[in-house]
Amino acid sequence: MAKAARVAEIPYAIIEMNPETVRSEQARGEPISYGDATQEVVLQHANIKDARIVVIVINDPATTRRIIEITRRLNVKAHLIVRTRYLQEIKPLYELGANEVIPEEFETSVEIFSRVLTKYLMPRDEIEKLVAEVRADGYEMLRSLSNMPASFSDLKLQLHDVDISSFRISEGSQLIGKTLAQIDLRRLYGISVVAIRRESRILPNPGADTQFQVSDMLFVLGTSEKISEAINLFSSSYGRYNRS
């Protein structure tokens, strides 16, 4: 997972109790530190208060619970993804403050990695490409990539039947130069563009005359079914931008 995070250019830090692992990974340039994550001072040193996402992959249930408790106390906004060996631990871990609990029989490094990228609102096609690189480096895939769409967490909590996903307009897409009014996504596809990221700028609630440009990242709102139907619309392989 660490190598995958480097590929995605996501800053991260690792806390590990095995000194041999720490030495070997430090020699490879990993940002890994020796420490006991059940100690508050260790998590503070790792700057846990500013973390957007915390992944806990420890086999001991008591240790996992302790880390969740401390993390949640120090950072109420962090998104906690937790691995557990036991199904009966799922409910208690959620009650302690975990956002996602992955049972070990379903967990893989690829699954966790895909969920991290999902929270960073990366387009699905880019996640798939990165996952392919992880597979090529020897990770074993025990289950397919999670179908969870990228979402704005707070909005998702309120709109249970609605997803927010992101798509990047690739070179050669038929959407380039077209306006929102021309492609009429809401009527023809049942989805709405709620924001556009263009280079370093965010264009919230774009108007009907907004023209699409290559590399624009679109954040669209709709049901999972409608979003899945429109997923190819933004790629260069899609031959038409309209349908009857």
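Predicted model: local features only at pLDDT ≥ 70, side-chain atom pairs only at ≥ 80, totals over all residues.
**Exercise 1. A threonine in a loop**

Which backbone oxygen does the side chain of Thr 210 reach, and at what distance?

*Solution.* 
- Step 1: Start with the location. Thr 210 sits in the loop between strand 8 (201–204) and strand 9.
- Step 2: The backbone oxygen of Gly 207 lies 3.0 Å from the side chain of Thr 210.
- Step 3: List the neighbours, leaving out residues up to four places away in sequence. Thr 210 then touches Lys 178, Thr 179, Leu 180, Ile 196 and Arg 198.
- Step 4: Decide on burial. Thr 210 has a relative accessibility of 15%, so Thr 210 counts as buried, the cut-off being under 20%.

**Exercise 2. The open sheet**

Find the order of the three strands in the open sheet, and say whether the pairing is parallel or antiparallel. Then place the helix that lies across strand 3 and strand 4.

*Solution.* 
- Step 1: Recall the background. Strands of a sheet pair through backbone hydrogen bonds, in a parallel or an antiparallel way.
- Step 2: Trace the order. The sheet reads 3-4-5, and its pairing is parallel.
- Step 3: Pick out the edges. Strand 3 (53–56) and strand 5 (100–103) each pair on one side only, which makes them the edge strands. From one strand to the next, the twist averages 15°.
- Step 4: Zoom in on one pair. Four bridges join strand 4 (residues 79–84) to strand 5 in the parallel sense. Take Ile 81 as a landmark: its bridge partner in strand 5 is Glu 100.
- Step 5: Helix 4 (residues 61–74) lies across strand 3 and strand 4, and runs at about 175° to strand 4.

**Exercise 3. An antiparallel pair**

Determine how strand 6 and strand 9 pair, and over how many bridges.

*Solution.* 
- Step 1: Compare directions. Strand 6 and strand 9 (residues 217–222) pair in the antiparallel sense, over six bridges.
- Step 2: Check one bridge by eye. Asp 163 has Gly 222 as its bridge partner in strand 9.
- Step 3: In strand 6 (residues 163–168), five of the six residues are buried, so the strand is largely enclosed by the rest of the structure.

**Exercise 4. Charged pairs**

How many salt bridges does the count come to? Describe three of them, with the exposure of each partner.

*Solution.* 
- Step 1: Oppositely charged side chains can pair when their charged atoms come close.
- Step 2: Take the total. The count comes to six salt bridges, with a cut-off of 4 Å between the side-chain nitrogen and the carboxyl oxygen.
- Step 3: Begin with Glu 40 and Arg 73, whose side chains meet at 2.4 Å, N to O. This pair links distant parts of the chain, since Glu 40 belongs to helix 3 (residues 40–45) and Arg 73 to helix 4, 33 residues apart. Glu 40 is partly exposed at 28% relative accessibility, and Arg 73 is partly exposed at 49%.
- Step 4: Move to Asp 50 and Lys 49, with their closest N and O atoms 3.2 Å apart. Asp 50 has a relative accessible area of 49% and is partly exposed, whereas Lys 49, at 54%, is exposed.
- Step 5: Finish with Arg 187 and Asp 184, whose closest N and O atoms are 2.6 Å apart. Arg 187 is exposed, at 62%, while Asp 184 is partly exposed, at 24%.

How values were computed. Residues numbered from 1 in each chain as written. Heavy atoms only, no water. Pairing = 2+ DSSP bridges. Helix = DSSP H or I, 4+ residues; strand = E, 2+ residues; numbered from the N terminus. Axes fitted to C-alpha atoms, helices over the stretch in contact; angles between N-to-C directions. Contact = heavy atoms within 4.5 Å. Buried < 20%, exposed > 50% of the residue type's maximum accessible area, 1.4 Å probe, protein only. Polar contact = N/O pair within 3.5 Å; in protein donor to acceptor, adjacent residues only side chain to side chain.
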